[in-house]
Amino acid sequence: MHQQTTDANGMSSKRLIWLSIVAATSLGLYLLLALRYPLGPSLDNPRASWSSMVEPTGLNALWHLAIYLGLTLLYLTILRLLVPSEGENTTNPHLQIILIFATWLACSAVLMKAASAGESHDIFDYIFRGRMMVEYRANPLVDVPDELEYSIPYARYLAWHKNVDTYGPVWEASSAAVAVSVREVARWLGWWDDAYPVCPISPESCRLLMVYIIGYRMLAILLTALSGWLIFSMIRHSRPWLAPLAPATWLLSPMTLIATALGGHNDAVMLVLILLCWWLLQRQSPFLALMALILAAHVKLTALIWLPACIFWIMWRWGRKHALKIVLVSAVSGLVLSWLLYVPFGGWQVLPRMLQERSAFLANSLWRIMKSLLIEQWDWRIASAHQLSVGLSSLLFAAGALLVPLWVFNFRPKRWRGTPIALEEMDLKLWRTLTAISMLYLLVGSFWFQHWYVLWAIAPAALLPEGQFSRSILPWLSFGALSSNVAMDFLLNTVMKTSPPMLKYISVVVIIWGPLLLTVAVLAFAQRAGARKSIVRALSY
């Protein structure tokens, strides 16, 4: 027994050394990315992209894709190293956890020096609308940027000029808080200029813009850390031997790091509230859990994709009568809270325009291809083709979001109060269902797909870190989504500049989903080959 423990401890020490080496290599690749696309010079071009910050050549595109491939392979290696072996001493995983959070923090700090423009221009819209509220007392859910003077600083960096903001009051309040904080910090540093010189003409204005970018990134980084703690806490509560692996699945994913520390996306606000909802469900506080989910929907309405699964799980866990009371009280409380949150932004009457403008766009999805086929091949009217594409995707997802939890939970109430094994089983059922719903939305329900939406699948999948989906399949969807953003940027500025739109739509979807489908095919083939070998081996005896 003593020898066995010594061997296990030795194995754990070796693994920690390898983890340190892989983590340092990952940090080096993120540093290379930051050096290739520095933040300061990127602001010289308000419409900058990956290809415009370097020469739009095939070699530069391959270099960028090679960095993403290297980061993905290193991430897979980290997950493999963190899977506990049989007999390994996992009672004191503190060093592994410290290393995970330290690596994530170092990589986040490095990415803060990289340009946002290539990844997305969303952060510039956050900045502009945050300033709209704080500096001009404008309402981003009613007023559009083009109604203000175009000479207002940072208007040239916007992606959305003629549309109201598509986010809820919880995000708008968070954005205003960041804008106020940046103004106070800039005044303290002596960098605030009431004359509002326009970047990129004025270096002082560009410096202030960088402070705004850092402010929004810091918010995303802070909330990502909090999400990592919630994941760690949930796993430690039910399966403590996976405590290091779960937060690593979330924090060290290249998609998580790039979307938050570089892109500063407000999905970090939504997801921390969603994870809080699941944490509260695990702690047997269903009312508070539903209130957290309602708050998340006031960041992005997308948060409601998980509502049916949570309600059905509550019914399965506590019984229908008790669940009905919880849902009714939550609904009434949620409506009151929603009304109060929307009052400062014009009330619920701002919602129809927001939803209408958001559903006017299709991108990077199978539904964009379908809409084009309906118009070009079957001579449909544009409005009819658009309505069918948006309506059918929403209908199919809504049906799936109801049927999947019904099938998983069988709509039979369970009143398990006893053993940790029973509680663990209930957690696993919920997390698997939430992950399935996320993937269903990305594949079927999302007619407007952006690469950082993959975060919505990584968050629940991190709670199932030992599964093949989390460790082998989902990382390749992240790679495909990130690669699509880069590859299409370079291709559209070179060989595909004059290509038909249909070819562009198909290329985007193939690049996003191709790596995942290839991985699934390879794993299925390997599994079948392994089964065949087992049969042959059994017959030979």
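A residue is termed buried under 20% relative accessible area, exposed over 50%, and partly exposed in between (1.4 Å probe, protein chains only). The structure is a predicted model, in which local features need pLDDT of at least 70 and side-chain atom pairs count only at pLDDT 80 or more, while totals for chains, interfaces and linings use all residues. Residues are numbered from 1 along each chain as its sequence is written, and side-chain values use heavy atoms, with hydrogens and water left out.

S238 has a relative accessibility of 14% and therefore counts as buried. The residue belongs to helix 8 (residues 203-238); helices (H or I, at least four residues) are DSSP runs numbered from the N terminus. Contacts, defined as heavy atoms within 4.5 Å, join S238 to Q282, E424, D427 and W431, when residues up to four places away in sequence are not counted.

Aromatic pairs were considered next. Rings of Phe, Tyr and Trp (its six-membered ring) pair if their centres lie within 6.5 Å; planes under 30 degrees apart count as stacked, over 60 as edge-to-face and the rest as tilted. The whole structure holds 21 aromatic pairs. In one of these, the ring centres of Y126 and Y216 are 6.2 Å apart and the planes stand at 35 degrees, so the pair is tilted. Because Y126 lies in helix 6 (residues 122-135) and Y216 in helix 8, this pair ties together parts that are 90 residues apart in sequence. Both Y126 and Y216 are buried. The rings of Y453 and W456, with centres 4.4 Å apart and planes at 15 degrees, are stacked. Y453 is buried at a relative accessible area of 4%, and W456 is buried at 2%. Ring pairs also link Y453 and W456 with F397, Y441, F449, W452 and W513 into a cluster.

A charge sits over a ring if NZ of Lys or CZ of Arg is within 6 Å of the ring centre and within 35 degrees of the ring normal. The charged end of R317 is placed in this way over the ring of W318, 4.8 Å from the ring centre.

A nonpolar core is a set of buried Ala, Val, Leu, Ile, Met, Phe, Trp, Tyr and Cys residues joined through side-chain atoms within 4.5 Å. The largest such core has 170 residues, and W278 and W306 have the most contacts inside it. Helix 8 supplies the largest share of this core, 16 residues. Beyond its neighbours within four places in sequence, W278 contacts M234, W306, C310, L434, A459, P460 and L463. Another core, of 6 residues, lies apart from the largest one and includes M132, I152, A155 and L158.

How values were computed:
Helices (H or I, at least four residues) and strands (E, at least two) are DSSP runs, numbered from the N terminus.
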